[in-house]
Amino acid sequence: MTSALEAVRNRRSWSKVTDEAPTRAELLTLLTAAGRVADHSSMRPWRVIELRGSDRERLGRAINKAVGAKGSSSKPLRAPLLLAVVATYRKSDKVPRWEQEAVASGVAHMLSLLLDEAGWGVIWRTGHYTRSKPVAKLHGLGKNEELLGWLYVGGKPPKARPGRRKAVDARRHFSRLPSAKRTEAEATELSS
């Protein structure tokens, strides 16, 4: 079994996949684990919708309707399985809307890592039509819900090249809290 660190280091997006896809039972196991993300007040402000077969064609028609085009977009046909990730906002005095969306995003990312580690090719796709009325209606979204995008899932092509992601220079994104002296000096400089 791969360590979490190795799974994250080896993760890549798969824009091209084969026609194989995980079963519903496999997805339920992975989704149960993905649902363990940090979740203030355990609100579980998310859900995932499975799209297979003709569901993808229906999505293609909704996408085209959203962009004012006729026919059906072929974008949803790029993978045999699409998993729509939905933020389901709950009323709360403690947990703001943005934090609930962050939890739903965390579930999507965790699920993509688990799918990748289980041998599936995954890419998270969005688009300006993601939050359009035709696409929301197709997914049966409630007034308290927003679609965050889809995980496109399929088999990893057997002769695919390794991903070429640039390494992250963590030093550029990691710092310490400014010292009190510097903060006061900066405040004085700004007020001058």
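This report describes the fold, the sheet and a few individual residues of a predicted model.

## Basis of the description

In this predicted model, local features need pLDDT of at least 70 and side-chain atom pairs count only at pLDDT 80 or more, while totals for chains, interfaces and linings use all residues. Residues are numbered from 1 along each chain as its sequence is written, and side-chain values use heavy atoms, with hydrogens and water left out.

## Overall architecture

The chain contains six helices and four strands, where helices (H or I, at least four residues) and strands (E, at least two) are DSSP runs numbered from the N terminus. Read along the sequence, these elements follow the pattern α-α-β-α-β-α-β-α-β-α. Along the principal axes, the C-alpha atoms fill a box of roughly 65 × 40 × 35 Å.

Of the 192 residues in the chain, 37% are buried, buried being under 20% relative accessible area, exposed over 50% and partly exposed in between, with a 1.4 Å probe and protein chains only. Contacts (heavy atoms within 4.5 Å) between residues at least 6 apart in sequence join, in 79% of cases, residues at least 24 apart. The accessible surface, from the Shrake-Rupley method with a 1.4 Å probe, comes to about 12,900 Å², and 53% of that surface belongs to carbon and sulfur atoms.

## The sheet

The four strands form an open sheet in the order S1-S2-S4-S3, with antiparallel pairing; two strands are taken to pair if DSSP finds at least two bridges between them. Strand S1 (46–52) and strand S3 (120–125) each have a single partner strand and stand at the edges, so one side of each is left without a neighbour in the sheet. From one strand to the next the twist averages 25°, with axes fitted as lines to C-alpha atoms (for helices over the stretch in contact) and angles running from 0 to 180 degrees between N-to-C directions.

S3 pairs with strand S4 (residues 145–155) in the antiparallel sense over six bridges. Within S4, Trp 150 stands opposite Arg 125, and Val 153 is the bridge partner of Val 122. Although S3 is an edge strand, five of its six residues are buried, so S3 is largely enclosed by the rest of the structure.

## Helices on the sheet

Helix H2 (residues 24–34) packs on the sheet and touches S1, strand S2 (81–88) and S3, its direction making about 160° with that of S1. Helix H4 (residues 97–117) also packs on the sheet, where it touches S1, S2, S3 and S4, and its direction makes about 5° with that of S4.

## Two individual residues

Glu 50 lies in strand S1 and, at 25% relative accessibility, counts as partly exposed. Leaving aside neighbours within four places in sequence, Glu 50 is in contact with Arg 24, Leu 27, Asp 55, Leu 81, Leu 82 and Leu 83. The C-alpha atoms of Glu 50 and Trp 150 are separated by 9.5 Å, although these residues are 100 residues apart along the chain.

Ser 41 is found in the loop between H2 and S1, and its phi is near 65°, a positive value in a residue other than glycine. Most residues other than glycine have a negative phi. Ser 41 counts as partly exposed, at 41% relative accessibility.
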